[in-house]
Every structure is written in C-alpha cells, then in structure tokens.
Amino acid sequence: MKLSILDDYFDTLRTLPCFRKLDGHEVTIWHDHTQDIEALAARLKDTQVLVLIRERTQIHEPLLERLDALRLISQRSVYPHIDIDACTRCGVIVSSDQHAGSPSYAAAELTWGLIIAAMRQLPQQMYALRAGTWQIGVGNSLRGKTLGIYGYGRIGATVAGYGRAFGMNVLVWARETSLQRARSDGYAVAQSKRAFFEASDVISLHVRLVKDTRGIVTRNDLSCMKPTALLVNTSRALLIEPGALVDALRAGRPGMAAIDVHDEEPLHDPDHPLLKMDNVVCTPHIGYVTREEYEIQFSDVFDQITAYAAGNPINVVNPKVFDVLKGVNTAVGAR
C-alpha cells in the first residue's frame, strides 16, 4: 500500500524499531507542516493510508473530497482535528487507539518539569544569567502546598504520585468514576469545583478534549484561584474558555501559568500574549515528544495499518463507514 506520514518534523519515525512494521509498504514522509489544501491534496493524491502525528494537521471535508485513493487514517489518541462524519461519507476508515490501559509517562514528566520551572523561575533565572545578571527573584517551594489534579486518568494519577513524592497535599477534581479511583488511591477529593480552584496552589489539567469538555475551565473558575497559584496545562488548550487564561493572568488570578498546548498550533507568533508574560512558562506541545513515547504510540499506529491490510481493521472510531463501503461494493458489483 501507499502510505504517507505527515509532520514528522525531525524524521524520527524511520529511526524507531517499530518502523519495521511498515516493511513492504511504499512510505512517503513529510517533514514540514502545511495546512494548505492545495498542497496537501497534491502530496496525498495517491495515498491509500494516511498516518497522522497527533493533531498537527487538520483533516476536513474539502481535503477529503480530493483524496480519492484514501482508505485509512491511522493515528493515536483523540481526534478533534479530523472530520469523522466526512471520513465516513467518503468511505475512509479512521483507526485511533485511545490507549486507556497503556502507560504514558512523557507528558507527566513534562508536567512536573513545568511545575518546577515555573515555581522556581528557572527560565527567567537562566535568561538573566546569560545576560550577565545574577539572581533576579525568589521562587517558591512545593512541599506542604496543595497540588490540584483536574482529571484523574493515567497522566493525572502519575502526576499526583509525583506530588506525593514531593511532599505536597494532593487534591483531585474529576468525574465521579475518576474521583472514586482517586479516593481508593488515598487522595483527597474536593467538595466542589469552586472549592478545588480556591484551595489549590498548583492546578494541573489532565482532561481529554471532547465536545463536552471544551471550555470546561471557565473565567469564573480561574478567578477563584489564589494570586500566588500556578495553572499548568499539558492537555489541550481548548479545555480553557477562549481568552480566559490571558485575561485571568492579567487580572492576577492565577499568578502564574505553565503551558504546553496552545489555541493555534504550530504557534509561530512571537507576539502572542502568553509569550510576552514574565509569569508564564511556555513550551511547544512537547509533552509526548520523546523517543520512548513515540515508540509506544507508533507501534500502535502501525499495528492498525497491519490489521487493515489483513482485512480486519481495529480501533475504528467511525464504524458506520462499513455501511458506506458495503454500499459502494454492492453498487460496483451490480455493474
């Protein structure tokens, strides 16, 4: 089959052991990023299987309608960047492993790195030293403070464990089934969402982005945070009400933020408000960008391709597509 991989910025995938799973297929890898429909349509005109690296490229109907050869999109995790209904109409299977039972330490490790960096002013101190200036301020310790975990899944639970190891008091807010798991793991659960935002010295978001969670963190939530508190987001930018974080930081509640995810990605605007704030640490969506995490993720992605090639697609998120394909096959057979 003819495979295309988009947005492999550093030509990493072909260096992974799992890449051997694609032996026998014709693979084209694109290292730059474009969202231009004309350019993508030209690149992918003969592509039968499209491999996506998370949400780096939007796949919507105007593009799908021009990809007559496309039969499978294989990726991992959530898919707000893919028009699933359009894929179904176009007869394109979307396979995406939600990896509910597999470990995911890279994002948790980055989360903790951002917490320490923000609380101890590491980027600011480093830049000052490079500029010939000695200490520029006084940071804050973590021990004894309250770490708020919003969303208690695989990553949230791991970050909670890091907080416990650092002597923090862990407080959890999540849906009821997740709260039950947090209680069984020995963590305190907030009495309400408002109490959670009011009590936490550090809040870390670990919620999947789906329709019901867009804007789940509101302006009012942020206004309840302490002026000394830190908000960390290594999940998805759209979990926060649009514009609310910048306004909240300007208003002084919370006092700091550490952000790995952005409303627009890739973010190339050096004048973006968050990048201009001294109380914000920003990174370019690197929570999952480690060789070890790539091996885990793309082993699954390539397994989905192997399963499709064998006639047994797995992790299909648009099962109605099979009715469309059956109708197409029936029409062809009738001719």
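Which residues form a negative surface patch? In this predicted model, the patch consists of Asp263, Glu264, Glu265 and Asp269. One of these residues, Asp263, is placed in the loop that runs between strands β11 (256-259) and β12 (280-282). Asp263 is classed as exposed because its relative accessible area is 54%, a value over the 50% threshold that defines this class.

The bond from Glu265 to Pro266 adopts the cis form, with omega near -5°. Pro266 itself is located in the loop between β11 and β12. A cis bond also joins Arg253 and Pro254, where omega is about 5°. Pro254 belongs to the loop between α10 (244-251) and β11.

The loop between β12 and α11 (291-309) contains Thr283. The relative accessibility of Thr283 is 16%, and the residue therefore counts as buried, the limit for this class being under 20%. For His285, phi is near 50°, which is a positive value in a residue other than glycine. His285 is likewise assigned to the buried class, because its relative accessibility is 13%.

A positive phi in a residue other than glycine is also found at Asn315, with a value near 55°. Asn315 occupies the loop between α11 and α12 (321-334). With a relative accessible area of 32%, Asn315 is partly exposed; this class covers the range between the 20% limit for buried residues and the 50% limit for exposed ones.

Ala118 and Val281 are 163 residues apart in sequence, yet their C-alpha atoms are 6.2 Å apart in space. Ala118 is buried, its relative accessible area being 6%.

Ala118, at 6%, His285, at 13%, and Thr283, at 16%, are buried. Asn315 is partly exposed, whereas Asp263, in the negative patch, is exposed.

Methods: Residues are numbered from 1 along each chain as its sequence is written. This is a predicted model: local features need pLDDT of at least 70, side-chain atom pairs count only at pLDDT 80 or more; totals for chains, interfaces and linings use all residues. Side-chain values use heavy atoms; hydrogens and water are left out. Patches are made of residues with over 30% relative accessible area and no salt bridge: like charges are joined within 9 Å, nonpolar side chains (Val, Leu, Ile, Met, Phe, Trp, Tyr) within 5 Å. Accessible areas come from the Shrake-Rupley method with a 1.4 Å probe; for residues, only the protein chains shown count as cover. A salt bridge is a side-chain nitrogen of Lys or Arg within 4 Å of a carboxyl oxygen of Asp or Glu. Lys and Arg count as positive and Asp and Glu as negative; His and the chain ends are not counted. The place of a charge is taken as NZ of Lys, CZ of Arg, CG of Asp or CD of Glu. Helices (H or I, at least four residues) and strands (E, at least two) are DSSP runs, numbered from the N terminus. Buried means under 20% relative accessible area, exposed over 50%, partly exposed in between (1.4 Å probe, protein chains only).
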